[in-house]
Amino acid sequence: MKDTFDREINYLRVSVTDRCDLRCIYCMKEKMEFLPKSEILSSEEVNNICSAFIDLGIKKIRITGGEPLIKKGMPTILDYLGKKINNSNLEELTLTTNGTQLYKYAEVIKKNGIKRINVSLDTLDSKKYLKITRGGNLEKVLEGLKIAKKIGLKVKINTVALKNININELDKMVDWCINKKFDITFIEVMPMDMENDIRLEQYYPLTKVRSFLKKRYSLENTNINTGGPSKYVKIKNSNQKIGFITPLTNNFCESCNRVRLTCTGRIYSCLGHNKFVDLKEALLKSKKHLKALILKSIYLKPRSHEFEIQKESANKNLERTMNVTGG
Ligand code: SAM
Ligand code: SF4
């Protein structure tokens, strides 16, 4: 599938639920109101939509949320999509998780053909972890990571840079990842759900993180391109990769290869726009109808995102939280 800017679209990110067992301060409100269950796609509906996308040329699917591993139908989705790997256009299935349930699910994930997972972790300090996630237990995540590593899942850690919260330990996170042989990607806070300007207070530019890390490590630029927003550097004389996702300091849209399916069945062809195509009704009709709407969403994919973190533009930002659209 090609969009109107001649970009090949072959990557689908799927939010399977808006629910989560954590309440990260940059993602959710403390008192979250989740969507009515009746609005959330069932695992069968997720599978049907993914199947239509795969028929149309999607080669890579990332399952995300909310927290995907707390969805009841997750084993059904993993089983269905796992069987599609290399038996269809689908070449890779991956997962982004907060890691709290990894100790239970690492084996199932591996068994269903997933080779790489992203695990979100913003600190190695259990008290700080509890605060950032509003209640999370770091030990459980570390236990899950240990099992994942042991059974051979490749892990990338996602760390959001948070002003006045974890900036002073980002080098420790890198050291820990080197030790564990995990890659790491730093992420700038994105202006989703800008209520009370909280994101503005949390935002810390990755240009500063990069300068800080450059003083400690010998970093080499790479031309690794996953078609996504990450720019990678390598630590000299090692295989250790460090990624930077910088939607606010560096526009990455020209090589964008992805679209997003929300847990309610909407396709957002750009994370940074409010326009969407709703697939829910088409699910009741036919696969042909579903595919026509998917193609329409690709046609509507905008040239670039509209993220801005400046205070005066806060009201222009996105009313959706990351858990519904899928980060
Ligand atoms: N619950 C899973 C997890 O935390 O990995 C998957 C969903 S979470 C929404 C996916 C990613 O989005 C996480 O790496 C998280 O750090 C990131 N994220 C959430 N809100 C964000 C925000 N406002 N800005 C930047 N990244 C955000
Ligand atoms: Fe949950 Fe992930 Fe959002 Fe944290 S970032 S609240 S783990 S969905």
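Which strands each supply at least two residues of the shell around ligand 1? They are β3 (92-97), β5 (154-161) and β6 (183-188), where strands (E, at least two residues) and helices (H or I, at least four) are DSSP runs numbered from the N terminus. This is a predicted model, in which local features need pLDDT of at least 70 and side-chain atom pairs count only at pLDDT 80 or more, while totals for chains, interfaces and linings use all residues. Residues are numbered from 1 along each chain as its sequence is written, chains are lettered from A and ligands numbered from 1 in the order in which they are written, and side-chain values use heavy atoms, with hydrogens and water left out.

Ligand 1 is surrounded by 19 residues, of which the closest are Y26, G66, E67, S120 and M190; a residue is near a molecule if one of its heavy atoms lies within 4 Å of it. By class, this shell has seven nonpolar, nine polar and three charged residues, with Ala, Val, Leu, Ile, Met, Phe, Trp, Tyr, Cys and Pro counted as nonpolar, Asp, Glu, Lys and Arg as charged, and the others, Gly among them, as polar. Among the individual atom pairs, a polar side-chain atom of S120 lies 2.5 Å from an oxygen atom of ligand 1, and a polar backbone atom of M190 is 2.7 Å from a nitrogen atom of the ligand. An N or O atom in the side chain of N158 is 3.5 Å from an oxygen atom of ligand 1. Taken alone, ligand 1 exposes 540 Å², and the protein buries 96% of that, the areas coming from the Shrake-Rupley method with a 1.4 Å probe.

Around ligand 2 stand C20, L22, C24, C27, M28, G66 and N98. That shell divides into five nonpolar and two polar residues, with no charged residue.

The strands belong to an open sheet of 12, in the order β7-β8-β9-β6-β5-β4-β3-β2-β1-β10-β11-β12, with mixed pairing; two strands pair if DSSP finds at least two bridges between them. Its edge strands are β7 (219-221) and β12 (277-278), each of which pairs on one side only. β3 and β4 (residues 116-120) pair in the parallel sense over three bridges, and L95 has I117 of β4 as its bridge partner. β7 and β8 (residues 230-235) pair in the antiparallel sense over three bridges, with L219 opposite I235. Five bridges join β8 to the antiparallel β9 (residues 241-245), where I245 stands opposite S230. β8 and β9 form a hairpin with five residues between them, and N237 in the turn has a positive phi of about 60°.

Helix α1 (residues 43-55) has 13 residues and reaches 18 Å from its first C-alpha to its last, close to the 18 Å expected at 1.5 Å a residue, the expected span being 1.5 Å times one less than the number of residues. Its buried residues include V46, I49, C50 and F53, where buried means under 20% relative accessible area, exposed over 50% and partly exposed in between (1.4 Å probe, protein chains only). Just after α1, G57 takes a positive phi of about 120°.

Most residues other than glycine have a negative phi. N86, in the loop between α2 (74-84) and β3, has a positive phi of about 65° although it is not a glycine, and N86 is exposed, with a relative accessible area of 60%. R134, in the loop between α4 (126-132) and α5 (138-150), likewise has a positive phi, near 50°, and is partly exposed at 30% relative accessible area.

How values were computed. Polar contact = N/O pair within 3.5 Å; in protein donor to acceptor, adjacent residues only side chain to side chain.
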